[in-house]
Amino acid sequence: MKTLITLFICFQTLLVFSQNLVPNPSFEDTIDCPYFFGSLDPIENWFSCGNSVDCYHTCSETVNAPNSPNGFQQPRSGESMIGLVSYVWEQSSGWPNYREYLCVELSEPLSIGERYFISFYINCAGYLPGWQIIASNKFGVRFSNEPYFYDENSVPVNSAHIFSNSIISDTVNWYNIAGEFIADSAYSYLVLGNFFDENNTDTIIFGGQPFGGSAAYYYLDDVCVSSDSIFANNWSSVFESKNNNKYSIYPNPVSDVLTIESEYPIEFITIWDLIGQPVVEAKILDIRKHENLDVSDLKSGTYIFEIRTNRVLLFQRLIKL
């Protein structure tokens, strides 16, 4: 019982008092379906601040997830993910220091002197039509006081607040890049990409013919910046039941009515958004083991579903269509 109470306090603290400063962190909030490469217009909050960044979505025929022409991959969460070039080999393409960068304005500026924890996921696409495919390291993030801008005349700055020294070559699994830093300025913008030049970036060759050149292309999903290390490391995790399937929720994804079944009497149900705010709270007064919950008013996106019984406290990812 003491362990259960401790877990309850930890998760309540995690979800209520922590905050992801990145709006639309999984790219699920959209105003339209993306129809072509190089446009982030359908994705709320995010914008390209260096060349041509792509958005993939399950609704699209052209830039479809998971059936992207740049390599099959399911979004790590929800129905949307980003794709961008992190490196182009200048000798093969004639494009010196070509990079693509993704930007977002944080929900509030960083506080000078405070420690922040960053977490995001990338996956190597493994294919670009007409290009020789390479994998690279140095994918990372920089914070900025103003909107970042990079074009064909720019030169990488060879520094980042967080980056990976490992060459990410896995085309199947999502790779987590995480780190921490103490804010030395009240940064308002987050920028993702490779901020290092050719001499400071390591690569390996996958294959293919370099008709258009040699490039490293990555998918990106689930971005978090938080002053809480536990929240940053776990906010986008799938909290699955480990109690021998003693409860279930269905359908998931859900459109209108969510059905919850539990071996134990249900006491409380909460649905949290991905910045730790409760959007649905339901206390089950007659302590039933079966409950139908109307979620038709929820916006489409990814949520964390919490069920509290008299025995366990459980969490699971919930997708609202």
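**Close-up 1. The disulfide of Cys33 and Cys59 is right-handed, with 110° about the S-S bond.** The model is predicted, and local features need pLDDT of at least 70, side-chain atom pairs count only at pLDDT 80 or more, while totals for chains, interfaces and linings use all residues. Residues are numbered from 1 along each chain as its sequence is written, and side-chain values use heavy atoms, leaving out hydrogens and water. A disulfide here is a pair of cysteine sulfur atoms within 2.5 Å. The sulfur atoms of Cys33 and Cys59 are 2.1 Å apart. Cys33 lies in the loop between helix H1 (2-16) and strand S1 (46-50), and Cys59 in the loop between strand S2 (54-57) and strand S3 (80-88), so the bond ties together parts 26 residues apart in sequence. Helices (H or I, at least four residues) and strands (E, at least two) are DSSP runs, numbered from the N terminus. Cys33 is buried at 10% relative accessibility; Cys59 is partly exposed at 40%. Buried means under 20% relative accessible area, exposed over 50%, partly exposed in between (1.4 Å probe, protein chains only).

**Close-up 2. A disulfide joins Cys49 to Cys103, S to S 1.8 Å.** This link is right-handed too, with 80° about the S-S bond. Cys49 sits in strand S1 and Cys103 in strand S4 (residues 101-105), so parts 54 residues apart in sequence are tied together. Cys49 is buried at 2%, and Cys103 is buried at 1%.

**Close-up 3. Cys55 is buried, at 0% relative accessibility.** Its sulfur is 8.0 Å from the closest cysteine sulfur, in Cys59, too far for a bond.
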